[in-house]
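Here is a briefing for a reader who is new to this structure. Take a look at the model before reading on.

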Amino acid sequence: MAGSGDIDGEVVFELAHCIRIFKGGRVERCFGSDPVPASTDAATGVASKDRAISPDVSVRLYLPPVAGVSGEGEGKNKLPLLVYFHGGGFCLHTAFNAVFHAYLTSLAARTRAVVVSVEYRLAPEHPLPTAYDDSWQAVVWAASHASGAGAGEEAWLTDHADFSRMYLAGESAGANIAHNMAMRAAAEGLPHGSKINGGVLVHPYFLGRGKVSSEDSDPAMAENVVKMWSVVCPATTGVDDPWINPLADGAPALDGLACARVLVCLAEKDVISDRGRAYCEGLKASEWPGEVEVVEVAGHGHCFHLVDFNCDDAVRQDDAIAEFVNR
């Protein structure tokens with residue numbers, strides 16, 4: 001009989017230079033787990049702070065300088081609200097690490113939006129649907145401020161967020177979460193009748209049965225993203241699970257998506273770009289009455305913008321997001 005040490009030493013999933021998961025439950029993450037403190041960015045004036053919203057879920061808020069904000073009516077002098085879910089295959093990163101802190105500081109400045117970045121629990125220690133449930137807590141918490149009053153409210157939201165311009169956004173697994181949160185909002189509703197104005201899905205992590213041509217750019221990675229799904233969601237029915245394939249037979253109808261507009265950002269060399277493209281076509285073919293916009297960047301792979309979010313193509317992608325949330 002094998003001892004517990006032998007079991008713990010058996011690797012069940014490995015993504016080189018990223019993560020190694022062992023049968024006994026041990027996890028080795030190579031990067032992305034170290035937090036940096038909230039701060040005020042000297043270059044942009046964007047301030048950030050952390051809030052715990054439950055024993056298991058916390059958020060980092062980003063507030064750009066508010067002087068000179070223009071508007072009309074009830075939302076005058078208020079900013080769009082962007083609830084953001086980080087990526088990492090549901091098993092990597094903290095929302096508070098240096099990469100996401102710097103990127104969301106930049107995005108808050110570029111979009112002139114209040115950003116709520118969600119710290120959800122990671123698989124495999126907390127297998128799906130934990131990340132979905134944690135993220136839903138954060139969405140409901142943010143929306144609960146729409147009334148402008150209440151015990152324990154967050155002043156950055158009550159004073160500065162325009163809840164008629166509330167967006168859900170994320171990259172990779174975070175984009176998957178954003179989609180699933182918009183579907184859940186339609187099914188369950190949000191506090192105070194809050195509505196989601198739009199969704200921003202950057203390089204969304206979707207799968208499906210059958211091969212797509214974008215997988216040819218990196219067959220090994222295409223195989224890994226399928227295997228990773230079974231590790232982070234051990235109870236899954238497979239690649240046609242509605243959580244990972246919103247176009248699957250039996251998935252909730254896309255006409256239930258709780259927003260009027262969706263922006264999908266794609267990268268030419270991303271192995272799952274064709275899944276994102278199919279999602280756009282599925283939305284257009286459904287009875288969903290909203291508007292789909294697509295921005296595709298040539299010559300780049302999955303989440304290229306997080307490597308250098310000041311490069312020309314990353315700026316173009318973020319400019320499209322900024323235009324989308326401020327229209």
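Strands β10 and β11 run parallel and are joined by 7 bridges. The model that shows this pairing is predicted. Both strands belong to an open sheet of 8 strands with mixed pairing.

**The β10-β11 pair**

- In this pair, A267 stands opposite V297 of β11.
- Together with helix α7, strands β10 and β11 make a β-α-β unit, and the unit is right-handed.

**The sheet**

- The strand order is β4-β5-β7-β6-β8-β9-β10-β11.
- β4 (47-52) and β11 (291-297) stand at the edges; each has a single partner strand, so one side of each has no neighbour in the sheet.
- On average, neighbouring strands of the sheet are turned by 20° against each other, direction ignored.
- Strands of a sheet pair through backbone hydrogen bonds, and the pairing is either parallel or antiparallel.
- β5 (residues 58-63) and β7 (residues 114-119) run antiparallel, with 5 bridges between them.
- L61 has V116 in β7 standing opposite.

**Helices packed on the sheet**

- Helix α5 (residues 173-188) packs on the sheet and touches β6 (79-85), β8 (161-171) and β9 (198-202).
- The direction of α5 makes about 135° with that of β8.
- Helix α7 (residues 273-285) also packs on the sheet, where it touches β9, β10 (261-267) and β11.
- The direction of α7 makes about 155° with that of β10.

**A closer look at α7**

- Helix α7 has 13 residues, which should span 18 Å at 1.5 Å a residue; its end C-alpha atoms are 18 Å apart, so the two values agree.
- Its buried residues are S273, D274, R275, G276, Y279, C280, G282 and L283.
- The cover over the buried residues of α7 includes α5, β9, β10 and β11.

**A closer look at α8**

- Helix α8 (residues 312-325) has 14 residues.
- From first C-alpha to last, α8 reaches 20 Å, close to the 20 Å expected at 1.5 Å a residue.
- The buried residues of α8 are A314, Q317, D318, A320, I321, A322, F324 and V325.
- Elements covering the buried residues of α8 include α2 (98-111) and the strands β6, β8, β9, β10 and β11.
- An α-helix has 3.6 residues a turn, so residues three or four places apart point the same way.

**S135, in a helix**

- S135 lies in helix α3.
- The relative accessible area of S135 is 0%, under the 20% cut-off, so S135 counts as buried.
- A polar atom of the S135 side chain lies 2.7 Å from the backbone oxygen of A131.
- Leaving out residues up to four places away in sequence, S135 touches F85, V118, Y120, I177 and M181.

**H145, in a loop**

- H145 sits in the loop between α3 (130-143) and α4 (155-160).
- H145 counts as buried because its relative accessibility is 4%, and the cut-off for buried is under 20%.
- A polar atom of the H145 side chain lies 2.8 Å from the backbone oxygen of W141.
- The H145 side chain also reaches the backbone nitrogen of E154, at 2.8 Å.
- Neighbours within four places in sequence aside, H145 is in contact with E153, E154, L157, T158 and F163.

How values were computed. Residues numbered from 1 in each chain as written. Predicted model: local features only at pLDDT ≥ 70, side-chain atom pairs only at ≥ 80, totals over all residues. Heavy atoms only, no water. Pairing = 2+ DSSP bridges. Helix = DSSP H or I, 4+ residues; strand = E, 2+ residues; numbered from the N terminus. Axes fitted to C-alpha atoms, helices over the stretch in contact; angles between N-to-C directions. Contact = heavy atoms within 4.5 Å. Buried < 20%, exposed > 50% of the residue type's maximum accessible area, 1.4 Å probe, protein only. Polar contact = N/O pair within 3.5 Å; in protein donor to acceptor, adjacent residues only side chain to side chain. Expected span 1.5 Å × (residues − 1). Right-handed = clockwise from strand over helix to strand, strands pointing away.
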